[in-house]
Amino acid sequence: PKRIRRRSSSSPMLRFCLALLAASASALRVAPAARAPTVQAARAPAVAMAAAADDFVPDMQRRTIMNLVLLGGAGVPVLWLAGGYIYFLVPPGGGGGGAGVTARDALGADVMAAKWIAANPYPGRALVEGLKGDAHYLIVKEDKTLYDFAINAVCTHLGCVVPFNRAQLKYICPCHGSQYDFNGKVIRGPAPLSLALAHVNDVDGKVVLSPWTETDFRTDLAPWWK
C-alpha cells in the first residue's frame, strides 16, 4: 500500500516535466518562420540588379557596329558559295599567252613531229600538253603531215577533257554528252561554244603551239578564248 501512494504522489511532477518538453518542442518548430523576412530581404537586391540590367539600351553607334559584325559574318559564306557557282558557270579559257610553247607528251618530253606522226596515224589523234598547260589534240592528215591547228580538249561546258571518238570521228564529252565535230566545232549541247584552237608549227623538228588570235574558221567569228 505504501508503494502505491508514492507513485501517485510523483505523477504531478512527471506531468510537469512533460509539459516543459512539449513547450520546448513548440518553440523549436516556430523558430524557422522568423527567418523568412531575412530571406526576402536578401533576394530584394538581386531583383533590383536584374531590373537595372534590363533597363540598359545600347546607343546607335553600338547598334551599328553590332549590325556590321553580323552582316560580315553572314556575308563571308554567301560570297564563298557564290564564287564557286560562278567558277563553274563561266567557260574555261582555252587560249595561250604571248609566245608559243613546245608541246610535251605524257612523260614531259618535247614532241618531235616525225615521231608523233608515225605513232598516231590518220584518223587517230592523241593529246599533248600545250598552251597554259591545257591538253591539246594534234591532228595528223592522210598525207602524214600535221594540221596547222591544234584543238584544245577542255570542254566549254564545265571543263571536262573531251575524248575523240574514232569510230564516229567526233569528240564526245563523257560528263554531260556535249559533242563536237572533226574540227572541234560544237554540234550538240549543253556546251555553248566550240573547242578552242591553237596554231601548230614545226620548229627544228619540234611541235610548237602558239595562240590563235584570228577569226575562227569554223564559225567565221572572233575567237571567244582571247
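This report walks through the fold, the cysteines, the salt bridges and one phenylalanine of a predicted protein model.

## The overall layout

Let's start with the big picture. The protein chain contains four helices and 10 strands.

How much of the chain is buried? Of the 226 residues in the protein chain, 26% count as buried. The chain exposes about 15300 Å², and carbon and sulfur atoms supply 64% of that area. Now take the contacts between residues at least 6 apart in sequence: 49% of them join residues at least 24 apart.

The model has one disulfide. It joins cysteine 160 to cysteine 175, with the two sulfur atoms 2.0 Å apart. This bond ties together distant parts of the chain: cysteine 160 sits in the loop between strand 4 (149-152) and strand 5, while cysteine 175 sits in the loop between strand 6 (170-172) and strand 7 (179-180), 15 residues apart. If you look along the S-S bond, the angle about it is -110 degrees, and the link is left-handed.

Are the two partners buried or exposed? Cysteine 160 is buried, at a relative accessible area of 18%. Cysteine 175 has a relative accessible area of 38%, so it counts as partly exposed.

Now for cysteine 155 and cysteine 173. Why is there no bond between them? The sulfur of cysteine 155 has its closest cysteine sulfur in cysteine 173, but that is 3.9 Å away, which is too far for a bond. A disulfide needs the two sulfur atoms within 2.5 Å. Cysteine 173, likewise, is in no disulfide. Cysteine 155 is buried, with a relative accessible area of 1%, and cysteine 173 is buried too, with 4%.

## Salt bridges

Side chains of opposite charge can pair when their charged atoms come close. How many salt bridges turn up here? The count is three.

Two of them share aspartate 110. Arginine 104 pairs with aspartate 110, their closest N and O atoms being 3.1 Å apart. Aspartate 110 also pairs with lysine 206, again with closest N and O atoms 3.1 Å apart. Put together, Arg104, Asp110 and Lys206 are linked in a network. Each member is partly exposed: arginine 104 has a relative accessible area of 35%, aspartate 110 has 27% and lysine 206 has 30%.

The remaining bridge runs between aspartate 216 and arginine 218, with the closest N and O atoms 2.9 Å apart. Both of these residues are buried.

## A look at phenylalanine 164

Phenylalanine 164 is part of strand 5 (residues 164-165). Its relative accessible area is 14%, so phenylalanine 164 counts as buried.

Which residues does phenylalanine 164 touch, leaving aside its neighbours within four places in sequence? The contacts are Pro123, Arg125, Tyr137, Leu169, Lys170, Tyr171 and Phe182. As for glutamine 179, it is 15 residues from phenylalanine 164 in sequence, and their C-alpha atoms are 9.8 Å apart in space.

Technical notes:
Residues are numbered from 1 along each chain as its sequence is written. This is a predicted model: local features need pLDDT of at least 70, side-chain atom pairs count only at pLDDT 80 or more; totals for chains, interfaces and linings use all residues. Side-chain values use heavy atoms; hydrogens and water are left out. Helices (H or I, at least four residues) and strands (E, at least two) are DSSP runs, numbered from the N terminus. Buried means under 20% relative accessible area, exposed over 50%, partly exposed in between (1.4 Å probe, protein chains only). Contact means heavy atoms within 4.5 Å. Accessible areas come from the Shrake-Rupley method with a 1.4 Å probe; for residues, only the protein chains shown count as cover. A salt bridge is a side-chain nitrogen of Lys or Arg within 4 Å of a carboxyl oxygen of Asp or Glu.
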